[in-house]
Amino acid sequence: MHRAPSSRAVEPTTRHHRTAFSGPGLRRRLLAALVTIPLALAAAACGDDGGDSAADPNKPVELSIFWWGAEGRAKLTEDALALYTKKHPNVTFKKTWQANQGYFDKLATLTAGGDAPDLFQIDDNYLTEYASRNVTLDLTSYKDGGKLDVSKFPESLVNYGIVDGKLAGVAFGENTQGLVFNKTLLDKNKLPAPTTGMTWADFITWAENVSKTAKVPGTQDPSADYKAFWVWLRQQGKDLYKDKALGFTEQDVAGWFELWKGARDRGATPTADVIHEGNVTDISKQLVVTGKAGTSWVWANQMPELKKNTKDELGVIAYPGDPSAQWARASMYFSVFRGSDKKDIAVDVINFLSNDPEAAAVLGTDRGLPSNLDIRKSVSDSVSDPNMKVAITVQTELGAKFGASPQVPLKGHSKVRAELIKAAEEVQFGRQTPAEAAKAYFAVAQAAIGQA
Amino acid sequence: MGITAVPMLLSLYLSFTNYDALSDFSAVEWIGLDNYREMFTADASFWHAVRVTITFALVAVPLKLAAALGVALLLNRAFRGVGLFRGLFYLPSLLGGSVALAIVWVNMFNRDGAFNSLLSVFGIEGAPWVNDPRWALETLMALAIWQFGAPMVIFLAGLKQIPVELYEAASVDGAGPWRQFRAVTLPMLSPVIFFNLVLETINGFQGFTSAFVLSNGTGGPVDSTLMYTLNLYIKGFTELRMGYASALAWVFLVAIALITVLLFSTGRFWVHYADGEDR
């Protein structure tokens, strides 16, 4: 006898009670559920390598463009693109933007589906990953043919977009490493500000003094920070990468970890868990704005964004040591999808955004100092935001001391970065000695870039 | 069927390749069992993730079920406001795998979070839970256990199905509450317990959102929250090794299937289906 399970109050009871989940039916249902466990990884399709539909120049075209950033950037970018549409009424844009977190997941998924945007923003973390897999269009011929004008760009900035001899991305803004410090905190405690060019040892002593006087750890520990490690390496004639290999040795890593272990032991930095909090890329969690340390290691163009997250006054200098180890880094690039059928227009849009004075005035320094030097000058003359002004002044000052740009990071760079955080934290939490962590890190970094 | 089967078979194929998501499909190379070989012999992060995931499931699943059953027993009686309490206890699992909840959790279990403030009232100095590799996974376990509402509701439904007559008969025979619980409630409820156990075990192994949010997608601090699925995500999206990630996914599927089969085979010894086979 089958009866629906229902309230016992109205049911006569029998010896055989059914519960809602009894019987072999349950097993069947569970097995069915098992079989349909979804697998997350499935997307795959071919990239389309079609040519350009250059037939009718006035044919209506919709160009897809994708970038990461906050709302402010979205507004500026939309305004600048509207200017392009005004001049070329047949070209409209399908604009997509989102926060940095998850941006590259989405870009990879779109690319895997053969559906990458015609035009997309990318950074030096991923440029080589995409360029070496032939996702990005080689812009060299456009540059040589005059359709893409980078003649006003600093040469190092153009070169920083070249991967394996191909111009894979147009640098869309210049920035450099910046050590941001809490000026209010220092003034309140009558402490001196750190200065560009001070040695690493002097800097650590300075930070130790801040910890003692202000009762706030003097500096975030940058041992997990690849860009600080990179500058430090360059000051010793090494580099992060050299050709297809790592540009440093296991001993260099150990030395770097030792330097900061010493600083921690002297109380110049926060405890390991606080350092970990600051090791994320999220601007609002940087210790200098959360008040958990006197300084943070960032990119100079992040100053205005940092400023929004704190009431305190901030200052910015170069990383310690010889500032000529720093370089003009492309804060980001715009690249064209090689599979796009609107390549010419996409390149023209990049050219417009980089070189048109009107568009550049709209975009300002939101993506870093404009690459085009003429435009950079006019923008810095007219900028009104005081934080932006400081950032421009500092970057311009530092710019005079820059050395040559390093090569664009190798394929595997994102893993090299992530593993450095892991290794540094092993030391910070006291789970490994600097030598142990350096040994493990060196091996895994070598493997990441496919170095034999 | 096609919607499930085609992507699954494709991912099975990809697991034998070096597919990287970005290259043209024509560049995909068949590399045989290399992905699987690397996983089992060369990839330390694989074994680490397996350890983290098993630890998580072994602790979180039984405790979550125990909490669900305990609260279900308390709420399986008539008193004023019982509906409200049922709702309140169910609420956390309605929020389910939500990102917002994980963010709140992270903030509560910071060094200067609400939990440590509570501890300091009792003069205990807390740890920086979520930012400490010794405690981060435990914090995630606590979050999972706290969301016991879904199995609780199922337990409640099961408890309602147990006829009052059985308790009456037991009490006539002189059985106290504990004896009644063991001799009547547990056996009568065993199919429901089994159902919840299987479901929650699978859930436990698949935990992703909270670990992702807590660690910003890295599995940190120092890999302490590197759940299997998170490792799979990192391999697929951060390192762009989709072929390898597909292989990870397939090993995962087989492992969960095996664990489920194992649970079913033990079920024979403790699950009592009232209508038939073990009369």
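**Strands, helices and domains**

Me: How many bridges join strand β1 (residues 61-68) of chain A to β2(A)?
Reply: This is a predicted model. In it, β1 and β2 of chain A run parallel. The number of bridges joining them is 8.

Me: Which residue of β2(A) is the bridge partner of Ser64(A)?
Reply: β1 spans residues 61-68 of chain A and is joined to β2(A). For Ser64(A), the bridge partner in β2(A) is Lys94(A).

Me: Which strands stand at the edges of the open sheet in chain A?
Reply: The sheet has 5 strands, with mixed pairing. Their order is β2-β1-β3-β14-β6. An edge strand has a single partner, so one of its sides has no neighbour in the sheet. The edge strands are β2 (91-98) and β6 (170-171) of chain A.

Me: At what angle to β2(A) does helix α2 of chain A run?
Reply: Helix α2 covers residues 71-87 of chain A. It lies across β1 and β2 of chain A. Its angle to β2(A) is about 170°.

Me: How far apart are the end C-alpha atoms of helix α19 of chain A?
Reply: The helix has 15 residues, 434-448. At 1.5 Å a residue, α19(A) should span 21 Å. The model agrees with that, as the end C-alpha atoms are apart by 20 Å.

Me: What arc do the buried residues of α19(A) cover around the axis?
Reply: The buried residues are Pro434(A), Ala437(A), Ala438(A), Tyr441(A), Phe442(A), Ala445(A) and Ala448(A). They lie on the same side of α19(A), because the arc they cover is only 135°.

Me: Which elements of chain A do the buried residues of α19(A) pack against?
Reply: Among these buried residues are Tyr441(A) and Phe442(A). Their group packs against one strand and two helices: β10 (245-246), α10 (250-265) and α18 (413-428) of chain A.

Me: Which residue with a positive phi follows α19(A)?
Reply: α19(A) covers residues 434-448. The phi of the residue in question is near 70°. That residue is Gly450(A).

Me: Which helix gives the largest share of the side of domain 1 of chain A that touches domain 2 of chain A?
Reply: Domain 1 is 61-173 + 330-399, and domain 2 is 177-326 + 412-448. Contacts between them involve 15 residues of domain 1 and 13 residues of domain 2. The largest share of the domain 1 side is 7 residues, from helix α17 (residues 386-399) of chain A.

Me: Is Asp164(A), a residue with positive phi, buried or exposed?
Reply: Most residues other than glycine have a negative phi. Asp164(A) has a phi of about 50°, and its place is the loop between β4 (162-163) and β5 (166-167) of chain A. With 11 C-beta neighbours inside 10 Å, Asp164(A) counts as exposed.

Me: Is Leu240(B) buried or exposed?
Reply: Leu240(B) also has a positive phi, near 55°. It is found in the loop between α12 (228-238) and α13 (242-270) of chain B. With 27 other C-beta atoms within 10 Å, Leu240(B) is buried.

Me: What percentage of the residues in chain B are buried?
Reply: Chain B has 13 helices and 0 strands. It has 279 residues. The buried share is 40%.

Note on methods:
Residues numbered from 1 in each chain as written. Chains lettered and ligands numbered in written order. Predicted model: local features only at pLDDT ≥ 70, side-chain atom pairs only at ≥ 80, totals over all residues. Helix = DSSP H or I, 4+ residues; strand = E, 2+ residues; numbered from the N terminus. Buried ≥ 20, exposed ≤ 12 C-beta atoms within 10 Å, placed from the backbone. Pairing = 2+ DSSP bridges. Contact = placed C-beta atoms within 7 Å. Axes fitted to C-alpha atoms, helices over the stretch in contact; angles between N-to-C directions. Expected span 1.5 Å × (residues − 1). Arc of directions from axis to C-beta. Domains from an automatic or database assignment.
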